[in-house]
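Thank you for asking me to look over this model. My remarks are set out as numbered points, to be read with the structure in view.

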Amino acid sequence: MPDATRDGGIRVDSTARSRRTMLAFDLPPGNGVRWVARRKIEVVAAVMAGAIALEDVCQRYALSLEEFESWRQIHGADANQLVSRRMKRGRRI
């Protein structure tokens, strides 16, 4: 279940494909976010890992599907590496 972090972001738990590993994603707050690459990568990684649904991301951040897809095209490789690193390092809840 999501819970608030100190900086106002949302921490989302995710079961990875194996359903054994719980990964943590520190998603930015839903209002007035300045979208730097690091934040876009975090959001794309959370969707790729199944931590949050694409529809929820688009609603929370007022994104169109086209805008999110452009993020995925540009930052997808970095997001995939982020998910892999967290799984290897065991960044779990």
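The points below take up helix packing, salt bridges and a few individual residues.

1. The coordinates come from a predicted model, and every remark here should be read with that in mind. Side-chain atom pairs were counted only at pLDDT 80 or more.

2. I begin with the packing of α1 against α3, whose axes come within 7 Å and cross at roughly 75°. On the α1 side the contact is made by A37, K40, I41, E42, V43, V44, A45, V47 and M48, while α3 contributes F68, W71, R72, H75, G76, D78, A79, N80, L82, V83 and R86. By residue class, the contact of α1 with α3 divides into twelve nonpolar, three polar and five charged residues.

3. Helix α2, which spans residues 54–61, also packs on α3, here at an angle of about 110° and with the axes 10 Å apart. This again makes the arrangement roughly perpendicular, now for α2 relative to α3. The residues that meet are L54, V57 and C58 from α2 and L65, F68 and R72 from α3, and they divide into five nonpolar, no polar and one charged.

4. How many salt bridges does a search of the whole structure find? The search returns two. One of them joins R86 to E42, with the closest N and O atoms 2.9 Å apart. Because R86 lies in helix α3 (residues 65–89) and E42 in helix α1 (residues 37–48), this pair ties together parts that are 44 residues apart in sequence. Both R86 and E42 are buried, and both are listed among the residues of the contact between α1 and α3.

5. The other salt bridge links R72 with E69, the closest N and O atoms here being 3.0 Å apart. R72 and E69 both belong to helix α3, where they sit three residues apart, or about one turn of the helix. Each is partly exposed, R72 with a relative accessible area of 27% and E69 with one of 32%. R72 also takes part in the contact of α2 with α3, and it is listed in the contact of α1 with α3.

6. Which side chain of opposite charge is nearest to K40, and how far away is it? That side chain is E67, at 6.3 Å, and K40 is buried yet has no salt bridge. A salt bridge requires a nitrogen–oxygen distance within 4 Å. Not counting residues up to four places away in sequence, K40 touches W35, W71 and H75.

7. H75 is found in helix α3 and, at 11% relative accessibility, counts as buried; the cut-off for buried is under 20%. Leaving aside neighbours within four places in sequence, H75 is in contact with A37, K40 and I41, each of which is listed on the α1 side of the contact with α3.

8. A77 and A45 are 32 residues apart in sequence, and their C-alpha atoms are 9.4 Å apart in space.

Technical notes:
Residues are numbered from 1 along each chain as its sequence is written. This is a predicted model: local features need pLDDT of at least 70, side-chain atom pairs count only at pLDDT 80 or more; totals for chains, interfaces and linings use all residues. Side-chain values use heavy atoms; hydrogens and water are left out. Helices (H or I, at least four residues) and strands (E, at least two) are DSSP runs, numbered from the N terminus. Buried means under 20% relative accessible area, exposed over 50%, partly exposed in between (1.4 Å probe, protein chains only). Axes are lines fitted to C-alpha atoms, for helices over the stretch in contact, and angles run from 0 to 180 degrees between N-to-C directions. Angles under 35 degrees count as roughly parallel, over 145 as roughly antiparallel, 65 to 115 as roughly perpendicular and the rest as oblique. Contact means heavy atoms within 4.5 Å. Ala, Val, Leu, Ile, Met, Phe, Trp, Tyr, Cys and Pro count as nonpolar, Asp, Glu, Lys and Arg as charged, and the others, Gly among them, as polar. Lys and Arg count as positive and Asp and Glu as negative; His and the chain ends are not counted.
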